[in-house]
Amino acid sequence: MTTNEDNNIQKEISAPQSTELYIKIADTQWPIIYTPEYNIGFLGLEKLHPFDAGKWGKVYEFLKEAKLIQEKTIVKPKEATQTDLLVVHTAQYLKDLKWSLNVAQITEVPPVALLPNFIVQRKVLRPFRYHTGGTILAGKLAMERGWAINIGGGFHHCHAEKGGGFCAYADITLSLKFLFERVEGVAKAMIIDLDAHQGNGHERDFMDDEKVYIMDVYNRGIYPQDGFAKRAIKRKVELQHYTEDNDYLELVERHLEGALNEFTPDVVVYNAGTDILEGDPLGNLSITAQGIIDRDHLVFSKVRSRCIPILMVTSGGYQKTTARIIADSILNLHKEKWIKCDGAEAFQKSNLKR
């Protein structure tokens, strides 16, 4: 066999599989990603978990009411396929999801185990696959536009071989793997995980991977307390129960500055969980709504001022008020000019004049 033939075979082996997730968007569309397919609802069983399974739709409606977006000016993602998911997940793990008992354990809703799997696939896992497609697409759009927001996603407890904590697919890992394989100029990435819980899923996936720098700020006294995964964290900030705004924001700012001084990424994934909100039944922290808005502004200002592309996912948040807070934070980012889309805004103004 000739050297050229060897090279051609190697290229075929290493070439990424085709995907329909990396869609092109118009100049008149915001790099804000959402589809009604995100929302989970079946027989009321979704109410057995504290997660608001319709949170994402409420965020979208709040942004529409505020006239930041219109249906035509947001981006609707496609559902991640088996081929897409196999970029990270093992075939055995995806096979395990065909057993309703396994999905019940991941979603922490025991009655799901009693449902036929075709219903579980359609009503639970299919929405998760749309979220995952949205996070993967957000990576591409962030590189093109400088920023992107997936109104869903942020399943940071899932890794290649196992799900948990209401996280069935490793969307953060997948988004970065797609970028590394498909987008020129992306060789290093930073994950800033500010959900109340440790992001043990992406930490296990990127263990010993020097291309990925992980900063994780979380409540040390709650799930998952994954000691092995902590080894992957480059900048670890463990919070006490009921940490309040001033201490929290000071820690985030100081460590974010330190992380960006230590490591210069080509892209940042920001896991912006709102379960840090005071009164959250699972987060056990005491951050106010304004504290969350200030946190998101802090992250975007520090990253965007360095001209680093950033994609944001919304992750955890277990109170009915969190959708309003997420929307208010996005509106504040727009007001402060950290996110903008001239084409979309001009299109929307022209529509209002008609």
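1. R129 is located in helix α6 (residues 117-145). Helices (H or I, at least four residues) and strands (E, at least two) are taken as DSSP runs, numbered from the N terminus. The model is a predicted one, in which local features need pLDDT of at least 70 and side-chain atom pairs count only at pLDDT 80 or more, whereas totals for chains, interfaces and linings use all residues. Residue numbers start from 1 along each chain as its sequence is written, and side-chain values rest on heavy atoms, with hydrogens and water left out.

2. R129 counts as buried because its relative accessibility is 12%; buried means under 20% relative accessible area, exposed over 50%, and partly exposed in between (1.4 Å probe, protein chains only). Apart from neighbours within four places in sequence, R129 makes contact with K78, E79, A80, L85, Q121 and Y169, where contact means heavy atoms within 4.5 Å.

3. Helix α6 is also a packing partner of helix α2. The buried residues of α2 (residues 55-65) are K55, W56, G57, V59, Y60 and L63, and these residues pack against α6 and α11 (322-335). After α2 comes K67, which has a positive phi, near 65 degrees.

4. The sheet is open and consists of seven strands in the order β1-β2-β7-β6-β3-β4-β5, with parallel pairing. The edges are held by β1 (32-33) and β5 (235-239), each with a single partner strand, so one side of each has no neighbour in the sheet. Two strands are treated as paired if DSSP finds at least two bridges between them. Strands of a sheet pair through backbone hydrogen bonds, either parallel or antiparallel.

5. Strand β4 (residues 212-219) is joined to β5 by five bridges, and the two run parallel. Within this pairing, K236 of β5 is the bridge partner of D216. Helix α9 (residues 245-262) packs on the sheet and touches β3 (189-193), β4 and β5, with its direction at about 170 degrees to that of β5. Here axes are lines fitted to C-alpha atoms, for helices over the stretch in contact, and angles run from 0 to 180 degrees between N-to-C directions.

6. β3 and β4 are likewise paired in the parallel sense, over five bridges. D216 of β4 is the bridge partner of D193, and I192 stands opposite M215 in β4. Five of the five residues of β3 are buried, so this strand is largely enclosed by the rest of the structure.

7. β4 is mostly covered, with eight of its eight residues buried. Both of its faces are covered: V212, I214, D216 and Y218 are buried on one side, and Y213, M215, V217 and N219 on the other. In β3, A189, I191 and D193 are buried on one side, while M190 and I192 are buried on the other.

8. A232 belongs to the loop between β4 and β5. This residue, A232, counts as buried because its relative accessibility is 3%. Beyond neighbours within four places in sequence, A232 is in contact with E203, M207 and I214. The C-alpha atoms of A232 and E210 are 9.7 Å apart in space, the two residues being 22 residues apart in sequence.

9. Two cavities of 30 Å³ or more are present. On a 1 Å grid over the protein atoms alone, a cavity is a set of points where a 1.4 Å probe fits but cannot get out; a pocket is an open set with protein on both sides within 12 Å along at least five of seven lines, and lining residues have an atom within 4 Å of a point. Grid points are joined across faces, edges and corners, and a volume is the space filled by probe spheres set on the points. The largest cavity has a volume of about 110 Å³. Its lining has 16 residues, of which G154, C167, S315, G316 and Y318 lie nearest the centre. By class, this cavity lining holds six nonpolar, eight polar and two charged residues; Ala, Val, Leu, Ile, Met, Phe, Trp, Tyr, Cys and Pro count as nonpolar, Asp, Glu, Lys and Arg as charged, and the others, Gly among them, as polar.

10. The largest pocket has a volume of about 280 Å³. It is lined by 16 residues, and I106, K162, G163, G164 and Y223 are the closest to its centre. Helices α4 (91-96), α5 (100-107) and α8 (200-205) each supply at least two residues of this lining, and α5 gives the most, with three residues. The pocket lining divides into four nonpolar, seven polar and five charged residues.
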